[in-house]
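Please examine the sequence and the model displayed below.

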Amino acid sequence: MIELTDIAYVRSGVADLATATEFATSIVGLELVDGGEPGVAHLRADSAHHRLALVEGESGVIASGFTVADEEALAAAETALETRGIRAARIDPYGCRSRRVRAGIGFDDPFGNRIELVAGQHSLATPVNYSRAAGITEFGHLCVDAPDVREAYRFWSSTFNARVSDWIGDDACLMRINPVHHKLAVFAADGPGLCHMNFQVAAIDDIFRSWHFLVEQGVEIEMGPGRHPQSGAVFLYFQGPEGFTYEYSYGVRRIEDDATWRPRVFDPAERGSIDMWLGPTSRPTSQPQLVTTSELPLRKAT
Ligand SMILES: CC(C)c1ccc(C(=O)O)c(O)c1O
Ligand SMILES: [Fe+2]
């Protein structure tokens, strides 16, 4: 079993690098790290050199990167993949430089999502110089698309150390590789792709401050603010250029004891299955009629 130690980065192709980079900095709040590489923008979120690489070219995700412990683990992973009939290709020195890693391999998951395993991801010693005070603390998780979520789970849990934390029916599988509730999610879709990239923020206030900011900036809010019943995190999804979906979230739970955690299966047909703040659509008739805000004493007569 290949031991993934963390998520490393998302590498995504963009037709308009300048616009996507401007969004990732001035709107999302990431730091543009001067990588000195024409056609590639490296965006920093935490101690790693970058978590998002925008590469000028065809729109769409290029690869999702995960770290392994070291180059020996990488070689073992290459062998393990080959043993399972999965062809892994070494990332060439230029590719490693562009990814700021010592070494890496790339392969496709069963649905054609390009996955990269890397060793020796570069860290930076200086504090992150965020482009906007969005409260970002770290790269939280990545979510890939797959036509068969249960098959995806079988792939990730048999080949790698991924363990399911929760299901949303067969629509989504949330998997952990460390105590964080999930670092990898798989979402049902027609084909491969990146569903979203998540950044954790320091406080619930950051979610709502960003919500106001994004609305004022005319950014498309895809979902939220809301609260996921799975991780318990308060979330906000919004769309960047070329269909790139970002998620901020705060308060993701940790699962410290694998032995006692039992994955739950949420019903996607339930209105609140993704957002527990979406209560029932109608009030039970047995309950007293609530005072509507227009009758609250605090509202001034107009
Ligand atoms: C709807 C997606 C797959 C989803 C569901 C739950 C959580 C969570 O509990 O944090 C997410 O982050 C998601 O992206
Ligand atoms: Fe998410």
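Is Gly-57 buried or exposed, or does it fall in between? With a relative accessible area of 35%, Gly-57 is partly exposed; buried means under 20% relative accessible area, exposed over 50%, and partly exposed in between, with a 1.4 Å probe and protein chains only. This is a predicted model, in which local features need pLDDT of at least 70 and side-chain atom pairs count only at pLDDT 80 or more, while totals for chains, interfaces and linings use all residues. Residues are numbered from 1 along each chain as its sequence is written, chains are lettered from A and ligands numbered from 1 in the order in which they are written, and side-chain values use heavy atoms, with hydrogens and water left out.

Gly-57 lies in the loop between strand 4 (52-56) and strand 5 (60-67). Helices (H or I, at least four residues) and strands (E, at least two) are DSSP runs, numbered from the N terminus. Leaving aside neighbours within four places in sequence, Gly-57 is in contact with Val-14 and Ala-15, where contact means heavy atoms within 4.5 Å. The C-alpha atoms of Gly-57 and Asp-16 are 8.0 Å apart in space, although 41 residues separate the two in sequence.

The view may now widen to the whole chain. Its secondary structure comes to five helices and 17 strands. The C-alpha trace spans about 70 × 40 × 35 Å along its principal axes. A compact globule of 302 residues would have a radius of gyration near 19 Å, and the value of 21 Å for the chain agrees with this; the radius is taken over C-alpha atoms, and the globule rule is 2.2 Å times the number of residues to the power 0.38. Of the 302 residues, 51% count as buried. Among contacts between residues at least 6 apart in sequence, 65% join residues at least 24 apart.

The chain is divided into domain 1 (6-119) and domain 2 (136-288), with bounds that come from an automatic or database domain assignment. Contact between them takes 38 residues from domain 1 and 40 residues from domain 2. The centres of the two domains, taken over C-alpha atoms, are separated by 22 Å.

Not counting residues up to four places away in sequence, Leu-184 touches several residues, including Phe-66, His-141, Trp-156 and Cys-173.

Gly-224 and Pro-225 are joined by a cis peptide bond, with omega about 5°, and Pro-225 has its place in strand 14 (residues 220-227). Arg-100, a residue other than glycine, has a positive phi near 55°. Arg-100 is found in the loop between helix 3 (93-99) and strand 7 (103-108), and its 4% relative accessibility makes it buried. Glu-242, likewise not a glycine, has a positive phi of about 60°. Its place is in the loop between strand 15 (234-239) and strand 16 (245-250), where Glu-242 counts as partly exposed at 35% relative accessibility.
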